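Me: Hi! I've got this structure open and I'd like to go through it bit by bit. Can you help me read it?

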Amino acid sequence: MSQFDVVVIGAGPGGYIAAIRAAQLGFNTACIDAGVNKAGDAPALGGTCLNVGCIPSKALLQSSEHFHTAQHDFAEHGISVEGLAFDAAKMVERKDAIVTKLTGGVKFLFQKNKVASFFGKGSFKGKNGDLYQIEVDNNGEKTVIEAKNVIVATGSVPRPLPLVEIDNVNVLDNEGALNLTEVPKKLGVIGSGVIGLEMGSVWKRVGSDVTILEAMPTFLAAADQQIAKEALKIFTKEQGLAIELGVQLNEIKNDKKGVTVAYEVGGEKKAETFDKLIISIGRIPNTAGLNTEAVGLEKDERGFIKVDGDCRTNLPGVWAIGDVVRGPMLAHKASDEGVAVAERIAGQKPHIDFNTIPFVIYTDPEIAWVGKTEEQLKAEGVAYKKGQSGFAPNGRALALGKAKGIVKVLADAQTDRILGVHMIGPIVSELVAEGVMGMEFKASSEDIARIVHAHPTLSEVMHEAALAVDKRALHG
Ligand code: FAD
């Protein structure tokens, strides 16, 4: 029987990073993953993020943005295009090539770091002294491996909607939504979270008539509401996405006519028939088939594996990270937990600051934030100052043709320490890093205001927002 120092179950951004870091620290490490790619090849390392999440969605967002730009914005640059056409199958082919490159990269990194890669479903079998026994089931061919340390990184799966079954032909989850090879004429999206908005944007830009139905009465409830309101205005008024909030779904029928959704909003009964319907109502932890009962690994009432702030479970030597545990379901949070756990197994004392995890939505304009929203600060009774600046007068944003949006800096009223940074605008997924760095180093808004920012750059808007906290903005 093979024995390892560390066995990781799941090779998503949590698991594969944990395995690499454990191997770098000198541990004899194995990583088990059951992932199969679109072509049926296995193992498809990289988890949700690389195969059917972060990366493929960004590839489609980029392609659709190019098409939209060529269609709507080239003319003002003096560029005319004749016979402009869009080929969804080609876009998906390009996306698949990027996915293959990156998943292959993980395989290469496993080889380079001498991580033993097992393909199959991993489950707890029992204990042999202080070693955990993990069974790997590769389509009925079973192997048992043992380790003193186990890191569970089995991620998440889409939350099912009881009203309808996903067939990934007409009713799609994230996987189906990323693989449409024709532009649907009418696309419905249930859920206006990150995935719904990103997928809705992709297909809207290439010609679909998109309607997003959201149960919550508030748009992007987790975001700062000033930013959320600005986003809603841009998406609905300027981009033509139909977004209905406070929707109660009554019935969904998937038949020859298409997918018909009957719902109620503001007391009014409505029904719409779509060619395709994306269900994106959140994700749930994936512990199916892990056989946690064999060792008594505890889960919480929502099905997440119970961990403390350091990702320790109730069992000595068993850790859990990423989407399968509490906290935001984000790839970078999963990876950082993976690194920290490997280092803790090695006796080191790493620290993750969960208050400075950045959040990004890759719509156009992008939305990004770190730290507390105004709503949170008010609810907590924290006295704060705020400074904001817009992209409208920013030279770089104007040259890019993306002079829209704002940056808002929130700082403690007494100490001036930055408490939150909220952005909507061009490529703010990159700009938010300055806010993250500032908050991590406990910067004041004045610290950012006194840093020289290159000209002309989008980062000048962050600079101006920091200056505006103490009413010193020069262009505002
Ligand atoms: P996962 O990536 O889900 O990986 C878990 C792995 O475990 C999978 O490979 C699975 O096959 C394997 N597995 C599960 N059970 C077993 C078992 N019993 N045995 C063996 N293997 C098993 N996050 C961002 O930060 N930025 C984004 O832009 C972003 N975009 C997204 C877009 C979409 C459409 C989706 C769906 C998600 C997106 N996310 C994004 C979220 C991100 O994908 C997840 O937070 C991240 O993948 C979580 O990593 P993980 O390692 O915890 O789990």
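Me: Let's start with α1 and α8. Which residues in α1 meet α8?
Reply: On the α1 side they are Gly15, Ile17, Ala18, Arg21 and Ala22. Their partners in α8 are Ser335, Gly338, Val339, Val341, Ala342, Glu343 and Ile345. Keep in mind that this is a predicted model.

Me: What kinds of residues make up that contact of α1 with α8?
Reply: The contact divides into seven nonpolar, three polar and two charged residues.

Me: And at what angle do the axes of α1 and α8 cross?
Reply: At roughly 30°, and the axes come within 7 Å. Angles under 35 degrees count as roughly parallel, so α1 is roughly parallel to α8.

Me: Is that crossing left-handed or right-handed?
Reply: α1 passes α8 in a right-handed crossing.

Me: OK, switching to α3 and α6. How do their axes cross?
Reply: The axes of α3 and α6, a helix at residues 194-205, also cross at roughly 30° and come within 8 Å. That makes α3 roughly parallel to α6. The crossing here is left-handed.

Me: Which residues of α3 and α6 meet there?
Reply: From α3 you have Ser57, Leu60, Leu61, Ser64, Glu65, Phe67 and His68. They meet Glu198, Ser201, Val202 and Arg205 in α6. This contact divides into four nonpolar, four polar and three charged residues.

Me: New topic: the ligand. Which residues come nearest?
Reply: There are 36 residues around the ligand, and the nearest are Gly10, Gly12, Gly47, Gly155 and Gly322.

Me: How do the residues of the shell divide into nonpolar, polar and charged?
Reply: You get 14 nonpolar, 19 polar and three charged.

Notes
Residues are numbered from 1 along each chain as its sequence is written. This is a predicted model: local features need pLDDT of at least 70, side-chain atom pairs count only at pLDDT 80 or more; totals for chains, interfaces and linings use all residues. A residue is near a molecule or strand if its C-beta atom, placed from the backbone, lies within 6 Å of it. Ala, Val, Leu, Ile, Met, Phe, Trp, Tyr, Cys and Pro count as nonpolar, Asp, Glu, Lys and Arg as charged, and the others, Gly among them, as polar. Axes are lines fitted to C-alpha atoms, for helices over the stretch in contact, and angles run from 0 to 180 degrees between N-to-C directions. Helices (H or I, at least four residues) and strands (E, at least two) are DSSP runs, numbered from the N terminus. Angles under 35 degrees count as roughly parallel, over 145 as roughly antiparallel, 65 to 115 as roughly perpendicular and the rest as oblique. A crossing is left-handed if the near helix is turned anticlockwise from the far one by less than a right angle, and right-handed if clockwise. Two residues are in contact if their C-beta atoms, placed from the backbone, lie within 7 Å.
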